Amino acid sequence: MTDDYLARIGQLIRDARQHRGWTQSQLAEALGTSQSAVNRIERGNQNISLEMIARISEALDSEIVSLGYSGPMHLRVVGGRRLSGSIDVKTSKNACVALLCASLLNSGRTVLRRVARIEEVYRILEVLSSIGVRTRWINGGADLEIVPPAELDLDSIDHEAARRTRSIIMFLGPLLHRMDRFRLPYAGGCDLGTRTVEPHMSALRHFGLAVTATEGIYHAEVEAGVAPARPIVLTERGDTVTENALLAAARHDGVTVIRNASSNYMVQDLCFFLEQLGVRVEGVGSTTLTVHGVPVIDTDVDYSPSEDPVEAMSLVAAAVVTESELTVCRVPAEFMEIELAVLEEMGLDFDRSAEYPADNGRTRLIDLTVRPSKLEAPIDKIHPMPFPGLNIDNVPFFAAIAASAQGKTLIHDWVYDNRAIYLTDLNRLGGRLQLLDPHRVLVEGPTRWRASEMMCPPALRPAVVVLLAMMAAEGTSVLRNVYVINRGYEDLAERLNEVGAQIETFRDI
């Protein structure tokens with residue numbers, strides 16, 4: 001192997017080890033070798049055989065190590081099986097990535113509990129590591145420790161990782177307080193059509209940030225001494241736009257009022273985290289946020305992000321389409337109210353437990369037991385609205401649910417340019433979905449699902465919807481190249497298997 005390949009393999013092994021939360025000594029012990037040998041391997045200074053790579057991959061239980069050799073990951077689904085038992089909802093993907101960006105505000109040590117082990121988080125961690133932030137998994141890999149350097153090295157930013165996540169845009173808010181000039185790669189993520197970044201720029205101009213975009217790079221300059229002279233009115237009540245404004249306001253030495261703010265789950269989690277950093281935020285849960293910023297944040301903080309209502313909806317939808325009795329535990333009740341009301345109107349039989357607090361002490365959780373039901377199409381169309389409306393990311397799951405119901409359902413996914421188009425992939429599995437325009441789909445049910453082999457849609461939620469339909473279809477289906485699912489869900493196939501699904505992960509040889 002060339003020195004270049006050895007260095008790249010060594011970096012993959014180091015990243016996989018750190019994601020596992022292991023030291024070099026722990027990996028050496030598992031391999032029956034020395035810590036110095038592991039150190040040489042990770043630095044690219046030692047020849048390594050394919051057999052040793054396989055042993056390291058097995059020891060770390062990591063697909064990252066084998067990724068370059070075995071190609072994309074696929075799923076083989078034996079459908080028609082009923083689910084049973086109970087399954088826990090994991091912590092919020094969108095909250096976790098926002099909190100990782102928010103850690104750049106803090107000069108002290110940040111510990112985030114039960115962070116989602118997903119590709120989107122890994123990409124942000126790769127970016128953070130590349131600019132000098134020390135991150136490591138602790139407590140058996142359950143929690144994440146983040147310690148920033150005194151000075152960030154933005155010139156060394158990992159462009160490839162940054163371009164694979166749209167969350168990188170939330171670096172703008174924290175970074176404008178740390179340097180007067182910097183560059184960031186263009187944001188990436190799901191293929192959902194054009195999503196303008198202008199609302200972000202409009203909000204952050206109040207703090208002196210000016211951004212020009214050339215050749216795939218955001219060039220940012222910060223004018224010193226500029227501060228909001230009046231309330232910031234967001235031109236879009238978006239989640240990441242609100243978070244960016246919050247991140248900028250957190251270290252502004254004064255009071256910032258943000259109007260038309262999102263009050264969605266990830267925004268609330270960010271507000272709770274900022275309060276632990278010493279930033280006072282008034283109006284959490286409303287569309288007007290008043291932020292009492294502090295110019296210097298240097299504190300050791302320990303925070304537990306709450307559970308993910310979109311994952312909760314995914315698991316409820318899995319029970320519905322497979323006609324199963326399943327208990328979904330740790331559902332954030334406040335952010336599922338409209339969805340549950342619509343499902344009740346459609347005839348879903350379910351029980352909800354008494355409410356109890358999440359680990360952050362603020363979010364209200366319930367356990368939901370869903371039972372097989374004869375569903376009817378809703379009278380009104382399914383359409384998203386900013387919180388407290390039906391969650392934008394939960395709309396696709398109603399395509400599979402509506403396909404299981406008697407009658408016709410109109411789904412109006414007005415937010416994204418082309419996500420509704422991907423929902424018509426369900427027709428490959430026996431669905432009857434008619435695309436009326438890029439935003440509206442007419443779903444006719446009930447559906448006799450049939451097995452199929454197909455490529456994974458390039459958008460996260462439609463990809464999971466296809467997987468759920470495959471679970472309902474008699475026979476064996478294959479879903480190819482499921483990286484996009486791994487961006488937003490931790491061990492989804494394995495967890496569904498624990499409650500009765502039969503999903504096999506494989507790669508091409």
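Predicted model: local features only at pLDDT ≥ 70, side-chain atom pairs only at ≥ 80, totals over all residues.
## Overall architecture

The protein chain contains 19 helices and 23 strands. Its C-alpha trace extends over about 65 × 60 × 45 Å along the principal axes. The radius of gyration of the protein chain is 23 Å, and a compact globule of 509 residues would have a value near 23 Å, so the two agree. Of the 509 residues, 56% are buried. Among the contacts with a sequence separation of 6 or more, 73% are between residues 24 or more positions apart.

## Helix 13 and helix 17

Helix 13 comprises residues 309-321 and helix 17 comprises residues 460-472; their axes come within 9 Å and cross at roughly 25°. Angles under 35 degrees count as roughly parallel, and helix 13 and helix 17 are therefore roughly parallel to each other. The crossing of helix 13 past helix 17 is right-handed.

On the helix 13 side, the contact is made by Val-310, Ser-314, Ala-317, Ala-318 and Val-321, which meet Arg-461, Val-464, Leu-468, Met-471 and Ala-472 of helix 17. By residue class, this contact between helix 13 and helix 17 consists of eight nonpolar residues, one polar residue and one charged residue.

Beyond its neighbours within four places in sequence, Phe-397 is in contact with Val-310, Met-313, Ser-314, Ala-317, Arg-461, Val-464, Val-465, Leu-468 and Tyr-489. Among these partners of Phe-397 are Val-310, Ser-314 and Ala-317, which also take part in the contact of helix 13 with helix 17. Arg-461, Val-464 and Leu-468 likewise touch Phe-397 and belong to the helix 17 side of that contact. Phe-397 and Leu-172 are separated by 225 residues in sequence and by 32 Å in space, C-alpha to C-alpha.

Pro-309 lies in helix 13 and is buried, with a relative accessible area of 0%. Not counting residues up to four places away in sequence, Pro-309 touches Tyr-265, Pro-332, Phe-335, Met-336 and Asn-394.

## Helix 2 and helix 3

A second pair is formed by helix 2 (residues 24-31) and helix 3 (residues 35-42), whose axes come within 8 Å and cross at roughly 105°. That angle makes helix 2 roughly perpendicular to helix 3. In this pair, Gln-24, Ser-25, Leu-27 and Ala-28 of helix 2 meet Gln-35, Val-38, Asn-39 and Glu-42 of helix 3. The contact of helix 2 with helix 3 divides into three nonpolar, four polar and one charged residue.

## Backbone features

| Position | Feature | Value |
|---|---|---|
| Phe-387 to Pro-388 | cis peptide bond | omega near 15° |
| Gly-445 to Pro-446 | cis peptide bond | omega near 0° |
| Asn-481 | positive phi, not a glycine | about 60° |
| Asp-491 | positive phi, not a glycine | about 50° |

Pro-388 lies between strand 17 (364-371) and helix 15 (397-403). Pro-446 is located in the loop between strand 20 (440-445) and strand 21 (453-455). Asn-481 occupies the loop between strand 22 (475-480) and helix 18, and its relative accessibility of 32% makes Asn-481 partly exposed.

Asp-491 is found in the loop between helix 18 and helix 19 and, at 42% relative accessibility, counts as partly exposed. Glu-490 is also in the loop between helix 18 (483-488) and helix 19 (492-498). Glu-490, however, counts as buried, because its relative accessibility is 12% and the limit for burial is under 20%. Leaving aside neighbours within four places in sequence, the contacts of Glu-490 are Lys-90, Val-115, Ala-116, Arg-117, Ile-118 and Arg-495.

Technical notes:
Residues numbered from 1 in each chain as written. Heavy atoms only, no water. Axes fitted to C-alpha atoms, helices over the stretch in contact; angles between N-to-C directions. Helix = DSSP H or I, 4+ residues; strand = E, 2+ residues; numbered from the N terminus. Parallel < 35°, antiparallel > 145°, perpendicular 65-115°, else oblique. Left-handed = near helix turned anticlockwise from the far one by under 90°. Contact = heavy atoms within 4.5 Å. Nonpolar A, V, L, I, M, F, W, Y, C, P; charged D, E, K, R; others polar. Rg over C-alpha atoms; globule rule 2.2 N^0.38 Å. Buried < 20%, exposed > 50% of the residue type's maximum accessible area, 1.4 Å probe, protein only.
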